[in-house]
Amino acid sequence: MAAPSNVGALHRNLLAALGTGIASGQYRAGQVLTLDGVSAEHGVSRSVAREAIRVLESMGMVASRRRVGITIQPSEQWNVFDPLVIRWRLESQDRAALLVSLSELRRGFEPAAAALAARRANPHQCRILAAAVSDMVIHGRSGDLESYLLADKVFHRTLLEASGNEMFRALNDVVAEILTGRTHHHMMPANPNPVAIELHDEVARAIRLRDEAAAERAMRAIIDEAAAAVSDEFSADLDQDVGL
């Protein structure tokens, strides 16, 4: 019998393999799997396979029916706000379209969250925002992208929390997955754009000064800068692929 830690690792690995396989189209919508087939293909027990299928079912990626099997669901049925679904889709060929969609989503709520934060943030949250910007400056100059990512995620998490809106706060994991995906899929420059860091500082300062309009405007500029940078990265990759 596998140790609990090993079972956990098997579950996570199988879940990631199935999730990325569905997101990439390796498993097609309408395709029917069986527990025995999943177990044999990935070398895991039926119980591990069953738990992974239950998670995927909760995400809308599969539907399990007795005497039918496990049916892969079309993307329209997926919980597109689930951070794992976002992560898996970012690993697929759908990455460019997904990032456009996610940028549009962020434009819809983060500027509004920044304006609310300018109205509601407490002094402690203002200090965290300022410290996160300071860390971004330091790690941006050194090119330590993992530490920069951590500071960036702290900044956006604190901003959403400072908005005082539980719906915005619930989107923190979505934003964190977007930021993580951009870094881990090499869509960040070796040294982050100083303009982007300055815009984060503008947001933090506007929130501290209770300037809702300035906070909203600077937050929108952050999203626009990130979207433009990702677009430029994909254009460069495309040009390289076609030999331009």
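The crossing of α7 and α9 is right-handed. Keep in mind that this is a predicted model. The angle between helix α7, residues 145-162, and helix α9, residues 172-184, is about 160°, and their axes are 10 Å apart. Angles over 145 degrees count as roughly antiparallel, so α7 and α9 are roughly antiparallel to each other.

Now the residues. On the α7 side, the contact uses Leu 145, Glu 146, Leu 149, Asp 152, Lys 153, His 156, Arg 157 and Leu 160. They meet Asn 172, Val 175, Ala 176, Leu 179, Thr 180, Thr 183 and His 184 in α9. By class, the residues of this contact are 6 nonpolar, 5 polar and 4 charged.

Next, the other partner of α7. Helix α6, residues 123-142, packs against α7 at about 160°, with the axes 8 Å apart. That angle makes α6 roughly antiparallel to α7. The crossing of α6 with α7 is left-handed. From α6, the contact includes Ile 128, Leu 129, Val 133 and Met 136; from α7, among others, Tyr 148, Ala 151, Val 154 and Phe 155. Here the residues divide into 11 nonpolar, 5 polar and 3 charged. Asp 152 of α7 is listed in the contact with α6 and also in the one with α9.

Last, one residue elsewhere. Ala 112 sits in helix α5, residues 95-120.

Methods. Residues are numbered from 1 along each chain as its sequence is written. This is a predicted model: local features need pLDDT of at least 70, side-chain atom pairs count only at pLDDT 80 or more; totals for chains, interfaces and linings use all residues. Side-chain values use heavy atoms; hydrogens and water are left out. Axes are lines fitted to C-alpha atoms, for helices over the stretch in contact, and angles run from 0 to 180 degrees between N-to-C directions. Helices (H or I, at least four residues) and strands (E, at least two) are DSSP runs, numbered from the N terminus. Angles under 35 degrees count as roughly parallel, over 145 as roughly antiparallel, 65 to 115 as roughly perpendicular and the rest as oblique. A crossing is left-handed if the near helix is turned anticlockwise from the far one by less than a right angle, and right-handed if clockwise. Contact means heavy atoms within 4.5 Å. Ala, Val, Leu, Ile, Met, Phe, Trp, Tyr, Cys and Pro count as nonpolar, Asp, Glu, Lys and Arg as charged, and the others, Gly among them, as polar.
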